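Visitor: I would like to know how the labels on a structure follow from their definitions. Could you walk me through some?

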Amino acid sequence: MYDFFLYLYSLGVAIDSLFNAKVKKMWRGEHQAFNILREKVDPEAKYIWFHAASLGEFEQGRPLMECIHQAHPEYKILLTFFSPSGYEVRKDYQGADIICYLPLDTPLNAKRFLGLVHPVMAFFIKYEFWRNYLNILKKRNIPTYSVSSIFREKQIFFRWYGCVYAHVLKCFTRLFVQNQKSKDLLEMIGVRDVDIVGDTRFDRVLQIKEAAKPFPVVEAFKEGYKVFIAGSSWPPDEDIFIKFFNDHPDWRLVIAPHVITPEHLKQIQSKLKMPTVYYTDTTPEEAAHAQCLVINCFGLLSGIYRYADVAYIGGGFGVGIHNTLEAGVWNVPVIFGPNNKRFREAQGLLKSGGGFEIQSYEDFEQLMNTFLKAPAVVKRAGDAAGAFVRSLAGATQRVFDYVEKTVWSKCGRLH
């Protein structure tokens, strides 16, 4: 049944690729993966395989990837993606020796892929549970790990009709989960090779903070003003905060939209009633005279949060909020919309006093007026956000220590 659904999915993707540019990239990438592997795989090398669905999972797995590469440079790194939003952004990442899409999880593809690579170890980040790949890895006794995974009652593994697919979880040598709830759920279905280590994203945002470089344009823009940074925003988010800052010229507004298209940028511009510049089209001198700075490129947001006095994370009025930790790590209060219940880090920020939920413009206006009148509240909330992020760091080291102890220290070199 699983393979039949994959066949239907593959057919749907092939058809959709005729009309959707993003799907077309994924479809082509999957078909080109074997050519990349045949060209680049060194038959004399030993590969450790990391698989991430998209960019967020890549960032989650990156600290562990770099930790292993630093400790064991004798092994090469293979990095695969499922989504174009991961592959297209990180296809030139220097920390991996080979980067490609993961071919669809059919029995034939899985055999061909693993036959070309022969990984000595595999890491699947968060939500990746591909049955055919995992079954072959288990049959070949290749140590295989799930990292930063998190489980909920509504997932298929814990439904009466999902008991057959739940068997895939037993293919992992070890599952490194984020919380006790996940471990308890896995225990209920007989999966016991589980450790609670936390979320490697906390390590990643601390890593980013330590390596962050200054942005002269943003520094000039901020000079002498309080700055509100809205990251990964969508139109419903922009309707709220733009309305407020149109009437507060004593603040500076930075907008980093989640989708950067000419249409979306025009939509944002139509709502703004203040002097605005675009990051790629301005200079520090010009930015210093603007009230709004639009970040019209990718890859800068996590470092730009350093200039925020207050941050807003988009997505909470849609499918779900984006990365709150990238802002919180800079000791900045973090505001977000109501769709945040599935996000453990957002719930932690709320409980710590470093995060704030809004459900309407009125909520936002009231909160911002409180911040305007009481700078001490802003400082206290920002400190709470930073302390929360630091308190949950260390998952990367815990995973690495386990693998080092159970694999390398006992077996020496992997074969």
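Guide: Here are some questions about strands, cores and sheets, with the definitions behind the answers.

Guide: First, some background: this is a predicted model, where local features need pLDDT of at least 70 and side-chain atom pairs count only at pLDDT 80 or more, while totals for chains, interfaces and linings use all residues. Residues are numbered from 1 along each chain as its sequence is written, and side-chain values use heavy atoms, with hydrogens and water left out.

Visitor: What makes strand β5 mostly covered?

Guide: Strand β5 spans residues 144–149, and six of its six residues are buried. Buried means under 20% relative accessible area, with a 1.4 Å probe and protein chains only. Strands are DSSP runs of E with at least two residues, and helices are runs of H or I with at least four, numbered from the N terminus.

Visitor: How do you know that β4 and β5 pair?

Guide: Two strands pair if DSSP finds at least two bridges between them. Strand β4 (residues 121–125) and β5 have four bridges, in the parallel sense, so they qualify. One example is Phe123, whose bridge partner in β5 is Tyr145. Strand β6 (residues 174–177) is also joined to β5 by four bridges and runs parallel, with Ser146 opposite Leu175 of β6.

Visitor: Why is the unit of β4, helix α6 and β5 called right-handed?

Guide: With the strands pointing away from the viewer, the path from the first strand over the helix to the second must run clockwise. The unit made by β4, α6 (residues 131–139) and β5 is right-handed, so its path runs clockwise in that view.

Visitor: What makes a set of residues a nonpolar core?

Guide: The members are buried Ala, Val, Leu, Ile, Met, Phe, Trp, Tyr and Cys residues joined through side-chain atoms within 4.5 Å. The largest such core here has 72 residues, and Phe113 and Phe123 are among those with the most contacts inside it. Helix α19 (residues 395–411) gives the largest share, six residues. A second, separate core of 39 residues includes Val205 and Phe336.

Visitor: Why are β10 and β14 called edge strands?

Guide: In the open sheet of seven strands, the order is β10-β11-β9-β8-β12-β13-β14, with parallel pairing. Strands β10 (276–278) and β14 (355–357) each pair on one side only, so they are the edges. On its paired side, β10 has three bridges to β11 (residues 292–294), including the one between Tyr278 and Val294.

Key: Buried < 20%, exposed > 50% of the residue type's maximum accessible area, 1.4 Å probe, protein only.
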